[in-house]
Every structure is written in structure tokens, then in C-alpha cells.
Amino acid sequence: MRPNLSTKLIMSTAMILLGVALLVLAAVTALLHWGPQMMLGKELTNHTRDVVDSMRFDASGKLLGVQLRPLKAMYYDALKSDAVYRVLDKNGNVLFASDHILRPFYADDAPFFDPSLSRFEQTKDNVKLRINMTVIDHGGNRFYVQVARSERLNEALLGSNSRYIQLTTIIAVLISILVFTAVVAVTFRRLLQPLRDASAAAAKIEPNNLAARLSSEHMPSELVPLIEAFNNALERLEQGYRIQQEFLETAAHELKTPLALMRGQLELNCLADPRQLLRDIDHMTRQVQQLLNLAEISDPQNFIFKPVDVMSVATNVSDHLLRLAQRLQVSIKLLLSGQRDTIQADEGALFVLFKNLLENAIYHSAPGQEVLIVASADMISIRDQGEGIAAQDMPMLFKRFWRGAKRRDDGAGLGLAICAEIARTHGWTINASNKRPGAEFTVDFGRV
């Protein structure tokens with residue numbers, strides 16, 4: 001089963017929160033483990049400074065004693081075995097001691113006074129002491145101040161609190177993860193509700209209901225472009241479906257008329273002119289062929305693009321329609337301009353486009369007139385010497401099944417529509433304009 005978006009988002013958020021929680025717990029654990037040691041070191045330094053500041057000397061520089069503030073003095077009196085200071089002379093002899101023991105502190109691995117030490121440990125009677133020692137020079141005399149504090153005192157002050165802090169932190173982090181995950185789940189559900197509504201609306205869209213659109217109201221801004229793109233796709237689909245329906249209706253109407261005429265002639269036991277029946281069959285054949293061409297070019301996947309010689313196609317089309325032109329007493333003049341070059345196109349589609357334009361020009365030319373074709377690798381133009389295009393007909397030229405009032409052929413009105421579709425698929429530009437005399441159709445291949 002594929003997980004939905006909200007589940008993936010919630011799971012990702014929960015995993016991130018869990019990772020952050022583990023980092024917080026690790027930081028708290030490290031702080032509780034090494035923090036007391038750092039705090040003890042800091043306290044020893046402060047206590048050493050207090051003892052140094054409390055040392056009193058006479059005028060000759062002789063040490064008279066240590067005069068601590070009352071609270072400090074009470075601290076050392078109450079904790080004689082766990083908090084001790086001693087003042088030594090330069091030889092290591094104890095001059096003053098808070099516990100009245102006239103023996104200096106020394107490291108466990110060196111049972112003698114070592115003036116080079118600044119911090120060391122000593123264990124006595126299973127009590128571990130941490131000692132901080134500093135050197136004082138006063139009046140030409142050197143003194144050493146040793147301040148000691150036991151580990152058990154440090155644990156008594158901080159140990160229970162550290163376990164409480166650690167447990168409290170774990171509980172707080174777990175509760176925070178649960179609460180935050182619940183809030184995220186509710187939030188995501190509310191934020192994604194418009195998306196679920198849009199999905200339900202999209203599921204109801206059918207070919208007979210393409211006018212429906214998805215609403216972007218209350219939709220997250222990140223999803224609005226997706227909804228708009230989907231609506232635009234529906235717009236194009238609706239337009240294509242509408243054009244297809246109109247095409248089918250018009251095609252059915254166009255084919256119904258000649259079929260009715262042929263049926264009428266057959267019902268008369270062929271008493272009518274058989275040549276008229278043949279003309280109707282030819283008319284239907286051309287209509288069907290144009291419908292097939294239009295259906296084929298409507299799908300770009302049917303095109304095979306390759307280098308095509310425009311001038312060669314123009315020559316072939318001219319030869320193909322030469323008999324039609326001779327029958328209608330119209331001459332064709334072909335001008336191949338510029339250097340022979342190729343364009344990327346579907347050769348069959350280019351032939352159909354060329355043929356339809358030339359055929360249209362021939363049918364709109366009077367006997368004795370000329371159709372001029374100019375072809376190059378950049379564009380083609382086909383110009384007749386007829387009456388031109390009426391202003392009111394200009395917007396209708398490339399409409400499907402539209403036929404002008406003065407046309408000489410019996411086509412279905414699809415030739416120019418097919419040309420426009422081929423040009424659109426290739427990215428070309430097709431235009432029509434009036435000249436004196438006649439009309440001119442140009443196709444620009446858009447080469448730079």
C-alpha cells in the first residue's frame with residue numbers, strides 16, 4: 001500500500017523530532033556528566049582566589065594569617081574533611097590550615113610536596129579530594145595556597161539534581177514529541193483537506209462534464225500552480241472535445257447530402273444522368289480523403305520529421321496538379337529562388353499543404369490566367385490572378401468546412417483548414433493577402 005502525503009510528512013517530522021530529541025538528550029547527558037567536574041574546577045579556582053585575598057601580612061611581608069569572611073569561615077569549619085584550605089611556605093611547610101592539620105596535600109603517586117603541580121587528586125580513607133594549588137609571591141617571600149574539595153560533597157550537591165534533571169528532560173522531550181506530532185497531524189489534515197476535495201472533484205469529471213473546474217480556494221499556495229495547470233489542461237481538453245464534436249457533426253452533415261442525392265438517383269432507376277452520379281461519388285471520395293488527412297494531421301505523433309528539400313516538393317506538386325490546371329486552362333509558373341537547402345518537416349504533410357494551396361489557387365483562377373509559385377528554403381508563396389479575397393471572408397479562410405461564395409470546385413471546405421493545421425504543428429506561419437490582381441498565400445518556415 002502506497003503511503004499518502006500526510007502520513008509521509010508526519011513520519012518525516014516525527015523522525016526529525018526524534019533525531020533532535022536524541023541530540024538534546026546526548027547534550028544533557030554530556031553536560032550532566034562533565035558539567036559537575038567543570039563546575040568543581042571553577043569553584044576551586046574561586047575558593048583559591050578567596051583564600052589568597054584573605055591572606056594578611058605585616059609591614060615586613062610576614063604572613064599573619066587568613067581572615068575569611070564569616071560565611072566562608074563557617075563553610076570551612078562545618079566541612080573540615082570535605083572542604084579544606086592550607087597555606088604553605090616555599091619549603092612546603094604548612095603555615096595555616098582550616099582543618100588544623102599541618103601537612104600539605106600531595107598527589108597520590110608522589111608522597112611529597114611538589115611545587116610544580118597546579119591541580120591534582122589525593123585519596124584518603126576512601127575519600128577522593130581534588131586539590132587546586134597556586135603560587136603567591138609577597139614581600140620577597142613565596143607562598144603556596146592549596147584548596148581541596150571532596151568528590152562526595154560535589155555529588156551530594158549535584159548528584160541528585162543531575163538525575164532529576166536527566167529524568168525530567170527525557171520526559172519533557174517525549175511529551176514534546178507526542179504533542180508536536182499530534183499538532184502536525186491535525187495541521188496537515190486540515191491543510192490537505194482542500195487537496196482531498198480537489199481530488200474528489202477531479203474524480204467526477206467525465207467527457208460529458210468537462211466544463212467542471214477545480215477550486216483553488218483555501219488551497220496552499222504551493223499547490224495553486226498545480227490546480228491551475230490542471231484546470232488549463234481541462235480547458236484545452238474541453239476545447240479539443242468540442243472541436244471534435246463539431247467536426248463530427250459537420251462531417252456527418254457534409255456526407256449526408258451527397259448520399260441523399262445518390263440515393264435519389266438510384267431510386268429513379270438511374271434515369272438521371274450517370275455522370276452526375278459519378279461526380280457525386282468523386283465529391284464524396286474527395287471529402288473522405290480530406291477528412292482522413294485532417295484526422296491524420298490532428299495528431300502530431302503521425303508526423304515523421306526529417307530533412308526535406310522544399311524545391312523538390314514544389315516541383316512534384318506542380319507536376320501532380322498540371323493536368324487539373326490544363327483542364328481548367330490555367331498555367332503554372334514555378335520559381336525556385338535562393339540556394340537549395342532542406343528544412344525539418346514531414347514530407348507528406350508538406351506535399352499536402354503545397355497541393356491544397358496550389359489547388360485552391362487554380363480553382364480561383366479564370367481560364368487563361370497564371371498561378372505563380374515562389375519556393376525557397378525560407379518560405380513558399382502561391383499567387384493567383386483571380387478576384388481576390390473579400391474582406392468579410394478573410395477571417396473565415398482557415399475555418400473547417402467553410403466555402404467561399406465564388407469557388408469553382410465542389411470541395412468540402414477543408415483544404416485551407418488542413419494547411420493551417422499542418423503549419424501550426426510545424427511551427428510555421430501561414431498568411432493570406434490580396435494582391436493586384438488576385439490573392440497570395442505565404443508560408444513562412446521561421447528559419448533564422
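This is a predicted model: local features need pLDDT of at least 70, side-chain atom pairs count only at pLDDT 80 or more; totals for chains, interfaces and linings use all residues.
Which backbone nitrogen does a side-chain oxygen of Asp309 reach at the start of α6?

Residues are numbered from 1 along each chain as its sequence is written, and side-chain values use heavy atoms, with hydrogens and water left out.

First, the overview. The chain has nine helices and 14 strands; these are DSSP runs numbered from the N terminus, helices being H or I with at least four residues and strands E with at least two. Of its 448 residues, 38% are buried, where buried means under 20% relative accessible area, using a 1.4 Å probe and protein chains only. As for contacts, meaning heavy atoms within 4.5 Å, residues 24 or more positions apart supply 61% of those with a separation of 6 or more.

Now to the sheet. Five strands make up an open, antiparallel sheet, ordered β4-β3-β7-β6-β5; two strands pair if DSSP finds at least two bridges between them. At the edges sit β4 (94-97) and β5 (119-124), each pairing on one side only. Direction ignored, neighbouring strands here are turned by 25 degrees against each other on average. Strand β3 (residues 83-88) is joined to β4 by three bridges, and Arg86 has Ala97 in β4 as its bridge partner. Packing on this sheet is helix α2 (residues 70-78), which touches β3 and β7 (141-150) and whose direction makes about 105 degrees with that of β3. For such angles, axes are lines fitted to C-alpha atoms, for helices over the stretch in contact, and the range is 0 to 180 degrees between N-to-C directions.

Back to α6, then. That side-chain oxygen of Asp309 comes to within 3.1 Å of the backbone nitrogen of Met311. Along the helix, residues 310-320, the buried positions are Val310, Met311, Val313, Ala314, Val317 and Ser318. Viewed down the axis of α6, these buried residues fall within an arc of 160 degrees, so they line one face of the helix; the arc is taken from the directions from the helix axis to the C-beta atoms.

Let me finish with one of them. Val317 has a relative accessible area of 1%. Not counting residues up to four places away in sequence, Val317 touches Phe351, Phe354, Lys355 and Leu358. Its C-alpha atom is 9.5 Å from that of Asn356, which is 39 residues away along the chain. Thanks, everyone!

Methods: Buried means under 20% relative accessible area, exposed over 50%, partly exposed in between (1.4 Å probe, protein chains only). A polar contact is a pair of N or O atoms within 3.5 Å; within protein, one must be able to donate a hydrogen and the other to accept it, and residues adjacent in sequence count only if both atoms are side-chain atoms.
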